[in-house]
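These are my notebook entries on a single structure. I record what I looked up and in what order.

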Amino acid sequence: MFNAKSLPQAADTELLARGLESWQRRAEDSGDRELAEFARTYAADEAGGALLRAILGNSPFLGQALLKEQAFFRQMATLGFDAAFMDLLEGLWAEVGGATTDRLMKALRVAKRRAALLIAAADIAESWTLEQVTGALSQLAEAALRLTARHLLRQLAAKGDIRLPDAENDPEAGSGLIVLAMGKFGALELNYSSDIDLIVLYDDGVVQARDPDEMTRTFVRLARDLVRIMEERTVDGYVFRTDLRLRPDPGATPLAVSVSAAEAYYGSLGQNWERAAMIKARPVAGDRKAGQDFMGLIRHFIWRRSLDFAAIQDIHSIKRQIGAHKGHRDKAVNGHDIKLGRGGIREIEFFAQTQQLIYGGRDPHLRTPATMMALDALVAAGRVGEDAAEDLKAAYRFLRRVEHRVQMVDDQQTHKLPVDDKGVASIATFLGYADADTFRTELLATLGRVEDRYAALFEEAPPLSGPGNLVFTGTEDDPDTITTLRGLGFQNPSAVAAQIRAWHHGRYRATRSTRARELLTELVPSLLAALGGTAQPDQAFLKFDEFLSRLPAGVQLFSLFYANPKLLELVALIMGTAPRLADSLSRRPSQLDAVLTPGFFDHLPDAQELREGLFRQLADAHHFEEVLDLTRRWTSDQRLRAGIQILRHLADGDQCGPFLTEVADTALAVLHERVEIEYRPRHGCFETGTDGGAGMAILGMGRLGAGSLSLGSDLDLITVYQVPDGADQSNGPKPLSPSEYYIRLTQRLINAITAPTAEGALYEVDMRLRPSGNKGPLAVSLDAFIRYQRESAWTWEHMALTRARVLTGPPALRAQLTEAIRAVLVQRRDPDKLLADVADMRARVDREHHTKDPWSVKHVRGGMVDIQFLVQYLTLRHAADHPGILDPNTTGALTRLRDAGLLDAADADALIDIHRLWRRVQAFLRLTVAGEVKVAEAPPALRLALAEAVGHGLDFDAAEAKIRAAAAQAHALFRKVVEEPAARLPAPAP
């Protein structure tokens, strides 16, 4: 049957010894005397023993299969490879004719294991040619798919989802289901451990569905079940890994696509690389007639009578994209990719396919899917020389044989040789080589011949369009494009190339029209250059892709970019440098309209202009939901305006702080009023009372209270209410007690601020500064607030109260609350206790947030916390005698402390300048860096922009030196005023 002397030796003698021992023991333990006798006899036979040694000594996977399938192996040895394989397929069809899903899955997996063993043995023994090996693998896959398709179709018919002309005898006929085999499967060239590339379609003109509207869901479920039955791993293994990504635009289409949708796609958006893939397509399961009809339908998409120059360029670009595979320039044997590496199998396949696409439209003889047959056809047509074709065919056989041995070892879907010398030597032994060096020599010579033939074919190819070799066609990355993208600054150029290819699928609404794609193609070089010039090019690209995905249409905006290159540069700057603004712009691309309005880059509007602007927006709002959306939209526009001014250094964070606070104040005032209007019809209200102070007020704390919000600030709020004496419930249809009334009203208000609508959330809200923190009620009465502050509040709570500011509410309540806060702040305190508390609190904060990074300007020693603590300490210490020093804004308070003579003028002025510097730096970092700040690792462009925020004309090193000096100066002042005096205090009594 085969020549024992030609079989490979065992690469692993220990593995062989264990395998031979298990071979005999398992046969004897089976209880089958004939099987035990066969095992002894076969192992003693020269040819049989050689085959056992070749399998057991080289492949753990095949060894396990052999031991599990000894009875089948005996049948194979008795009948011969050909007859045993035919028996295997016939037995499979007979066994699963009416099987349950579980039984079908088991039968398919057992058949796959047996077929894998049989095909490998025939291959190792050189009893089968390459065409027989790959053909048998493909036949098995086709049988498995057909049996599975028939089973699933019968299930659908039994449930009544579809009607089949002959569900019992031939469920596939007239079903409308089409399963196309693609790639190697379509060409009957499956490798030993191939996955199977499929396209699942359904002919919506043929399917007889109970509910036509559910047709897509029905066949998607079928496709999903088909994949599960094929590739789910059970105790019996799996059948075939299954890949459905070659369907039209896989990122945007369901697993099963209708014929009409596929026809529309290939007729309008199909690309040349998809034409190349379709050369190998063939129906393998389902309705054969519907499958053949579909292939006829797209025949003119694949095979064109004439090709324009652009199409030929595109076809040539496909072959260029192979070479970018990692390591392609190094043809060392260790780790070389037999399929994708230079001189590999893919180059041989593309050698044939590209010419088939160019010439196959006029010559039907060139339309054969199998690689070697295609090479013969090209020779016959005079397109390829006979010597070249023979070289490539010989190389193809050799490389496929190597590929099979690599995969047989552990049944891994890999095409790479082992990375170490020992592994390569084992593969060489498995291939029958006496030594590894001989194998290495032959492999390198083969790869070289393929590379030479491949390069010669395309050396006259026309140049690709696009300056800088920016080519985005095909399925693989073009190497020159990858180089260009990397040169532009992209760290992950392959991901960028893949996504631009996806744009051309028309996946996004903005790229569906031909004109939009043409404009985008023209913009791509400028766009990539602009994105590459930003601080974080990859992040900028991802943000632009998100922005593009949300556009309702593309032609208008792309035309706008085309006519306004500066606008494209601004968008690129935002995408690459300002993640917060990029998110906002991605949610609402229409914000760009505001950028083009006159005066956008001029002064920021004052409070009066802001109020008038928001009221104009809300003039036509009829529903509460509209108020929420319009308020969010208006606020986002103002943030964008401030962000762009900071980004372009037209204003800084210190200057934008009051503006952003006015924006928040305006939005909160509107929402507070509207929420109460919505609340009253159900729960009523409380009578105003004699003093007019009944109602609820919002108290702004932290940066909101200080009037220094940044783009990323949340809102620290406290709500305080007052009701007339004796009022025990509201006057609405659903009356509530005062506490419950205002707690629910506060909850409504927080939801109005934080709930994500179509326009996103307005702000994040933090209410932990309310009396008793998270343990206290959400809303507190004025009396309880005053009592808590006088009797129970900690020192740190009074420190926080120095930055409090009443924002909304009835005028009388606002006045009472303001006076109550003032009364708390001007009360006389024990100076030593205050000093000790402030020093202790600062030490606690430093232990939790300690950093030596000077750019962490909030928590670094000498940063914002030190300055704020110093100001709050001095304010609480001296406000009893100098009430005029009260000011919620830190720099304002420093000015008042200086003017009152409570802080040395030079020290106060230095702290004012340093605090403004910190606000500039922090605002720029929050605008430009998402997440934790690590300036030392920031890209050079971002570091340069940050240096400009520190001081005009500074380089990064000078800027860092400036902030280090500023931090040291502020820290020294904090030590002088707080820490050193606190350290001299007597220790507290135990």
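Is E126 buried, partly exposed or exposed? I looked up E126 and found a relative accessibility of 48%, so it counts as partly exposed. I note that the model is a predicted one.

**Entry 1: positive phi angles**

I placed E126 in the loop that joins α7 (101–124) to α8 (130–159). Its phi is positive, about 60°, although E126 is not a glycine.

I then looked up D411, which is not a glycine either and has a positive phi of about 55°. D411 sits in the loop between α18 and α19 (421–430). Its relative accessibility is 12%, and because buried means under 20%, D411 counts as buried.

**Entry 2: L118 in α7**

I next turned to L118, a residue of helix α7. With a relative accessibility of 0%, L118 counts as buried. I listed its contacts, leaving out residues up to four places away in sequence: F72, M76, F81, A84, F85 and W128. I also checked L118 against E759, which is 641 residues away along the chain; their C-alpha atoms are separated by 62 Å.

**Entry 3: helix α4 against helix α18**

At what angle do α4 and α18 pack? I found an angle of about 60° between helix α4 (residues 60–68) and helix α18 (residues 386–410), with the axes 4 Å apart. The angle makes α4 oblique to α18. On the α4 side I noted P60, F61 and L62, which meet M408, V409 and D410 of α18. Sorted by class, this contact has five nonpolar residues, one charged residue and no polar residues.

**Entry 4: nonpolar cores**

Which residues touch the most other members of the largest nonpolar core? That core has 165 residues, and I recorded W503, L528, F544, F558, F561 and W918 as the ones in question. Leaving aside neighbours within four places in sequence, F561 contacts L523, F544, F547, L567, L568, V571 and L592. Another core, of 94 residues, lies apart from the largest one; L117, A125, L137 and L152 are among its members.

**Entry 5: helix α42**

Where does helix α42 bend? I found that α42 (residues 956–983) bends at R975, by about 50°. I then listed the buried residues of α42: F956, A959, I963, A966, A967, A970, H971, L973, F974, V977, V978 and A982.

**Entry 6: the loop between β9 and α33**

I looked up D728 in the loop between β9 (715–722) and α33 (738–754). At 57% relative accessibility, D728 counts as exposed. Neighbours within four places in sequence aside, D728 is in contact with L736, S737 and P738. I also noted that D728 and S739, 11 residues apart in sequence, have their C-alpha atoms 9.4 Å apart.

S737 lies in the loop between β9 and α33 as well. I recorded S737 as partly exposed, with a relative accessible area of 31%. With neighbours within four places in sequence left aside, S737 contacts F686, D728 and Q729. Finally, I checked S737 against L647, 90 residues away along the chain, and found their C-alpha atoms separated by 50 Å.

How values were computed:
Residues are numbered from 1 along each chain as its sequence is written. This is a predicted model: local features need pLDDT of at least 70, side-chain atom pairs count only at pLDDT 80 or more; totals for chains, interfaces and linings use all residues. Side-chain values use heavy atoms; hydrogens and water are left out. Axes are lines fitted to C-alpha atoms, for helices over the stretch in contact, and angles run from 0 to 180 degrees between N-to-C directions. Helices (H or I, at least four residues) and strands (E, at least two) are DSSP runs, numbered from the N terminus. Angles under 35 degrees count as roughly parallel, over 145 as roughly antiparallel, 65 to 115 as roughly perpendicular and the rest as oblique. Contact means heavy atoms within 4.5 Å. Ala, Val, Leu, Ile, Met, Phe, Trp, Tyr, Cys and Pro count as nonpolar, Asp, Glu, Lys and Arg as charged, and the others, Gly among them, as polar. A nonpolar core is a set of buried Ala, Val, Leu, Ile, Met, Phe, Trp, Tyr and Cys residues joined through side-chain atoms within 4.5 Å. Buried means under 20% relative accessible area, exposed over 50%, partly exposed in between (1.4 Å probe, protein chains only). The bend at a residue is the angle between axes fitted to the seven residues ending there and the seven starting there.
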